[in-house]
Amino acid sequence: MEKEKAITVKNLVKKFGSFVANDNLTFDVYKGEIFGFLGANGAGKTTALKILCGLSSPTSGEINVAGFDVYSETNKIKNNIGYMSQKFSLYEDLTVYENIRFYGGIYGLKLKDIRKRADELIQKLGLTNVRNELLSSIPLGWKQKLAFSVAIFHHPKIVFLDEPTGGVDPVTRREFWDMIYDAAGEGITIMVTTHYMDEAEYCNRVCIMVDGRIEAIGTPSELIKNQNAENMNDVFLQLARKAKQQ
Amino acid sequence: MNFVEINNISKSYGTHKALLETSFSVKKGELFGVIGPDGAGKTTLFRILTTLLLADSGSANMAGFDILKDYKKIRQIVGYMPGKFSLYQDLTIEENLAFFATIFGTTIKENYELIKDIYIQIEPFKDRPAGKLSGGMKQKLALSCALIHKPEILILDEPTTGVDAVSRTEFWDLLRRFKEMGITIIVSTPYMDEASLCDRVALMQEGKIMQIDTPANIVKNYKPELLAIKSNNMHDLLVKLREYNLNSQVYLFGQTIHFSSNQTINQSDLNNYLKNNGHTNVEISTSIPTIEDCFLWLMKQHN
């Protein structure tokens, strides 16, 4: 049986003038999968992510996200995805509850539902005591967990995480991955970028981009075997270094 | 000989205690790492040492100069690369560098040898405004500007945050070279794996230093037994291992789960327990702790 696809990308090309940021990318992401998107700074990850989120138009290629076309159905894509970046999207001068209410409202949820789900969420994250505190006053690790929860608050089909764990302590980093696993278990497809190579090992499959192209794609254990490497860090260093020497 | 001495420095912002009686010393020519996550107090400490912020209490001296009385002297001998890019976005690469050289009464030419290895990589773009550079190029320019007056002490606040694994390795190679030139370096990072590249490190968490030592000694002093465990179902393995022994520390580490305990662990008992819980392909082996294992264990002791 063929696995259901959440994202299909065929021959994606994105040029900025004469510079080719994405050079003929082809890959699929399956439903409920944790898909790691790796690459050196400037490899073209952010360019591709923006296209998949419907924020930027490709130069050419066939791209379908959550069942919608990236040329003609960007609004539908935006309704069906969640996004969280390292420079999170939460408002520092709103309280914890206000941030949740704001995002629930943006995604068109009813206030009654927002209240109920916000209460459940605040309790689940252990934020009851700081419910009405400004976001600026709570620790980074809590903010990051909240930002992730807000990004999936409207039950999107796909969530894009752009370096979600930068700077947090090693315990919080792992708790964050527990949340990613839970979300994937509920059927949400996860596409995540990271510079922590141990986190690459936690993905179902990873794709490594080098100079705008896909250099390798597969499960972490496949890539480690193919490159004759010890771990994903070695795989990454081998592939990314090769590019620099060319 | 101690080149940098920090004695009981504390700093609060309102009710929030950012630094709690922090003390350590750094030898001349040492590459000293301050390792910890956001909120550990690294930036506060560095801003106090570079005389940009006043401590509430405590004292420190750098190359024999007091951070309060001799702040002007300290500013002449310290090179500082802040965590946030702080150069002039609308000046070009060359203009930024010339500006910092002039402020310190020198020229690019005079100290070119020192920055050559880094600057050569961005020199082709020297007429481009700093605001239009990629992250990696900004980092190289900021380091060049911090070095242009030939500082005795280099203070780098998270220079590798958000930087990919290849560029991070290259950056540490550069630091090694500056160390060989005799520059004393204090560098902070949230990446635990970078600790092993320092001569000595301070592991920091929530304003407190949990341990200071060489990376090798920190690993050597890790008391609990450490096992690396794998099975067919890693997610459930994590759950089952946590249920197995309440006094243990159980975390995912890449392809394996690290299982640490103060008590002696009988590997065949553990193996049977996992098999009885439906796990197949169980692999258990003793493992050498990483700095991250040590950090996690110390966090547990401190909480």
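1. Chain A's radius of gyration (taken over C-alpha atoms) is 18 Å, which agrees with the value near 18 Å for a compact globule of 246 residues; the globule rule is 2.2 Å times the number of residues to the power 0.38. The C-alpha trace of chain A spans about 55 × 40 × 40 Å along its principal axes.

2. Before going further: this is a predicted model, in which local features need pLDDT of at least 70 and side-chain atom pairs count only at pLDDT 80 or more, while totals for chains, interfaces and linings use all residues. Residues are numbered from 1 along each chain as its sequence is written, and chains are lettered from A and ligands numbered from 1 in the order in which they are written.

3. On secondary structure, chain A has nine helices and 10 strands (DSSP runs numbered from the N terminus: H or I of at least four residues for helices, E of at least two for strands). Chain B comes to 10 helices and 14 strands, and its C-alpha trace spans about 75 × 45 × 35 Å along the principal axes.

4. In chain A, 44% of the 246 residues are buried, and in chain B, 42% of 303. Buried here is 20 or more other C-beta atoms within 10 Å of the residue's own, with C-beta atoms placed from the backbone.

5. Now the interface: 26 residues of chain B meet 28 residues of chain A, with contact set at C-beta atoms, placed from the backbone, within 7 Å. On the chain B side, α5 (135-147), α6 (165-180), β12 (248-253) and α10 (291-302) each give two or more residues. The largest share, four residues, comes from α10(B).

Notes. Two residues are in contact if their C-beta atoms, placed from the backbone, lie within 7 Å. A residue is buried if 20 or more other C-beta atoms lie within 10 Å of its own, exposed if 12 or fewer, and partly exposed in between; C-beta atoms are placed from the backbone.
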